[in-house]
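Trainee: Before I read this file, please show me what to look at.
Mentor: Here it is.

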Amino acid sequence: MIVDLVQLQAADGVRLAGALQVPPEGTSPQLGIDAVLCLHGTGGNFYSSPLFAALAPRLLRCGVAVLTANTRGHDLVSSGGGGRPLQGAAYEIVQECRLDLAAWIGWLAEQGYARIALMGHSLGAVKAIYSLSHDDDGALAAVVCLLAISPPRLAYSQFCAGPKSAEFQAELAEAEAQVREGRGETLMSVRFPLPYLVTATGYVDKYGPAERYNLLKFASRVTCPALYTFGSLEVQQNAAFQGLPEQLETQAAQGAELKVAVITGGDHFYSGVYAELADRLEFWLRRTIGSKPAG
């Protein structure tokens, strides 16, 4: 696999890296898009996603360039500038992803890619939805569609009602106490909703009662066509996804321009069903985006 490594800075100085793959010479775009920007989930990075690695060949054959890119939440801990000694999943504040996405979309537009799809997996999908729904300055104007792969519903109320409510509320209470006492940068080893290290401030930001990143609060504000996909297994087994496809379909019935697809047998990482997911993405892009005139 031949890629071009890309490095740039977000507006606040955070350094970001990614990898661009371009279609074979002479291949014309067939899906109504020229490029897709792929965003990793919590603690991921631009080079380690088996999911994106599996989807890229299909997109390239269809004439679409693929840019897999870091956000400032890449890896567990990283150093990336921007006036902070440490970045990474342990230290990120999710809303700052808007700066990262603006930098990447701007770079793609400068390379001549006029019609860009924004594709995120897990927290990367939440970041994509959040950024598009808060794009007040038009930084993401080149994005013509959203591909949201398994975005979790980060909803305090849902977690409190779930089977691991006691564990969640204990960890949140500890994080809130650290913040109140001025120790928000304290690293906590948490188990819910996934095991990782995170600052107390970061945990409250993501999972606290304000529900800042509950996608149901802002998904309807995304103005471009959107496809949401989920694996049937994660919908059955994980409180962050249970009932979410139906809730999104309710928003669609109320006028939001989105579609929902559940991939049978899919877990959160679509293990063993990559081809089925790729088929669904390609079908939707051909029918929804590829049928529209360019420009």
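Mentor: What follows covers the sheet, the salt bridges and the aromatic rings. This is a predicted model, in which local features need pLDDT of at least 70, side-chain atom pairs count only at pLDDT 80 or more, and totals for chains, interfaces and linings use all residues. Residues are numbered from 1 along each chain as its sequence is written, and side-chain values use heavy atoms, with hydrogens and water left out.

Trainee: In what order do the eight strands of the open sheet lie?
Mentor: Strands (E, at least two residues) and helices (H or I, at least four) are DSSP runs numbered from the N terminus, and two strands pair if DSSP finds at least two bridges between them. Here the order is E1-E2-E4-E3-E5-E6-E9-E10, with mixed pairing. From one strand to the next the twist averages 20 degrees.

Trainee: How many bridges join E9 to E10?
Mentor: Strand E9 (residues 226-231) runs parallel to E10, and six bridges join them. Phe230 stands opposite Val262 in E10.

Trainee: Which strands does helix H9 lie across?
Mentor: Axes are lines fitted to C-alpha atoms, for helices over the stretch in contact (heavy atoms within 4.5 Å). Angles run from 0 to 180 degrees between N-to-C directions. Helix H9 (residues 274-289) lies across strand E5 (116-121), strand E6 (143-149), E9 and E10, and runs at about 155 degrees to E6.

Trainee: How many salt bridges does the structure hold?
Mentor: Side chains of opposite charge can pair when their charged atoms come close. The criterion is a side-chain nitrogen of Lys or Arg within 4 Å of a carboxyl oxygen of Asp or Glu. The structure holds 11 such salt bridges. One of them is between Arg115 and Asp34, at 2.9 Å, N to O. That pair links distant parts of the chain, 81 residues apart: Arg115 is in the loop between H2 and E5, Asp34 in the loop between strand E2 (15-21) and strand E3 (35-39).

Trainee: Are Arg115 and Asp34 buried or exposed?
Mentor: Buried means under 20% relative accessible area, exposed over 50%, and partly exposed in between (1.4 Å probe, protein chains only). Both Arg115 and Asp34 are buried. In contrast, Arg183 and Glu181, which meet in a salt bridge at 2.3 Å, N to O, are partly exposed: Arg183 because its relative accessibility is 41%, and Glu181 because its value is 48%.

Trainee: Where is Glu92 found?
Mentor: Glu92 is in the loop between strand E4 (65-69) and helix H2 (97-110). Its relative accessible area is 2%, so Glu92 counts as buried. The side chains of Glu92 and Lys127 meet in a salt bridge at 2.8 Å, N to O. Lys127 is in helix H3 (residues 123-133), 35 residues apart from Glu92. Leaving aside neighbours within four places in sequence, Glu92 is in contact with Gly73, Leu123, Lys127, Gly202 and Lys206.

Trainee: How many aromatic pairs are there?
Mentor: Rings of Phe, Tyr and Trp (its six-membered ring) pair if their centres lie within 6.5 Å; planes under 30 degrees apart count as stacked, over 60 as edge-to-face and the rest as tilted. The structure holds 10 aromatic pairs. One of them, Phe159 with Tyr207, is edge-to-face, at 6.4 Å centre to centre and 65 degrees between the planes. Phe159 is in helix H4 (residues 156-161) and Tyr207 in helix H6 (residues 200-207). Both Phe159 and Tyr207 are buried.
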